[in-house]
Amino acid sequence: MKFFRGLASSRQRGSSPCRTVLVEHILPAVAMERGSVLFIGVRAYTAHYPPILEAYGGECWTIDADPSTVPYGAPGRHIIGNIRDIENLIPAGTCQSVVMNGLFGFGLNSYRAQIEAIQACAAILRPGGLLVLGWNDRRGHPSALEELATTSFDYRPLRELEARIWIPGTDHNYAFLRRR
């Protein structure tokens, strides 16, 4: 696909191919959906994500359970909390898009935790809302994604991106799911 062409040069710049695809293609496409976007899990290396989402038309919110991550979240729109408890923090059907990238195996380790997180995302998404799920094959339980995709979501392409993509040379995958 055309968006994979620049991945070799991104390695020279010090960025991983999966982060290059996320920053250069996925985040802008998510923001162009308009409305509120919840980005789950922030660190210093994600601090530039909220401005990207805002620049392309989204209203970015962030959430992380670790209070020390506040400086890296969306200014004035960062929530300290666990994604599995999001229904107590954000009203149902509030978000147009949710981006959950790299949490499977890094905070959401068990099958149950992964299912609960995806269910929580479904609860806060509007009907037709977008869930971007990024995971590493060695860390995620693929059956968690498959189970939820058949009950709450449908796989759908996101602009020029296919409904599921695997990043060449990595174990990282992305799925684009629409809330039923």
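Going by relative accessibility, what does Glu33 count as?

Reply: Glu33 counts as partly exposed, because its relative accessibility is 22% (buried means under 20% relative accessible area, exposed over 50%, and partly exposed in between, with a 1.4 Å probe and protein chains only). The model is predicted, so local features need pLDDT of at least 70 and side-chain atom pairs count only at pLDDT 80 or more, while totals for chains, interfaces and linings use all residues. Residues are numbered from 1 along each chain as its sequence is written, and side-chain values use heavy atoms, with hydrogens and water left out.

Glu33 forms a salt bridge with Arg178, and their closest N and O atoms are 2.7 Å apart (a salt bridge is a side-chain nitrogen of Lys or Arg within 4 Å of a carboxyl oxygen of Asp or Glu). Arg178 sits in strand E8 (residues 172–179), and Glu33 in the loop between helix H2 (17–31) and strand E1 (36–40), so this pair links distant parts of the chain, 145 residues apart. Helices (H or I, at least four residues) and strands (E, at least two) are DSSP runs, numbered from the N terminus. Arg178 counts as buried, at 11% relative accessibility.

The whole structure holds seven salt bridges. Another one joins Glu54 and Arg77, with 2.3 Å between the closest N and O atoms. Glu54 is in helix H3 (residues 49–55) and Arg77 in the loop between strand E2 (59–64) and strand E3 (78–80), so the pair ties together parts 23 residues apart in sequence. Both residues are partly exposed: Glu54 has a relative accessible area of 35%, and Arg77 is at 21%.

Arg112 and Glu116 also form a salt bridge, at 2.7 Å between the closest N and O atoms. They are four residues apart in helix H4 (residues 111–124), which means about one helical turn separates them. Arg112 is exposed at 61%, whereas Glu116 is partly exposed at 23%. Together with Arg84, these two residues are linked in a network of salt bridges.

The largest nonpolar core has 28 residues, of which Leu38, Ile40, Val98 and Met100 touch the most other members (a nonpolar core is a set of buried Ala, Val, Leu, Ile, Met, Phe, Trp, Tyr and Cys residues joined through side-chain atoms within 4.5 Å). E1, strand E4 (95–101), H4, strand E5 (125–136) and E8 each supply at least two residues of this core. H4 gives the most, with seven residues.

Cys121 is buried, with a relative accessible area of 0%. The structure has zero disulfides (a disulfide is a pair of cysteine sulfur atoms within 2.5 Å). For Cys121, the nearest cysteine sulfur is that of Cys95, 8.7 Å away.

Thr69 is placed in the loop between E2 and E3 and is buried, at 2%. Leaving out residues up to four places away in sequence, Thr69 touches Val42, Arg43, Asp64 and His78.

Conventions. Contact means heavy atoms within 4.5 Å.
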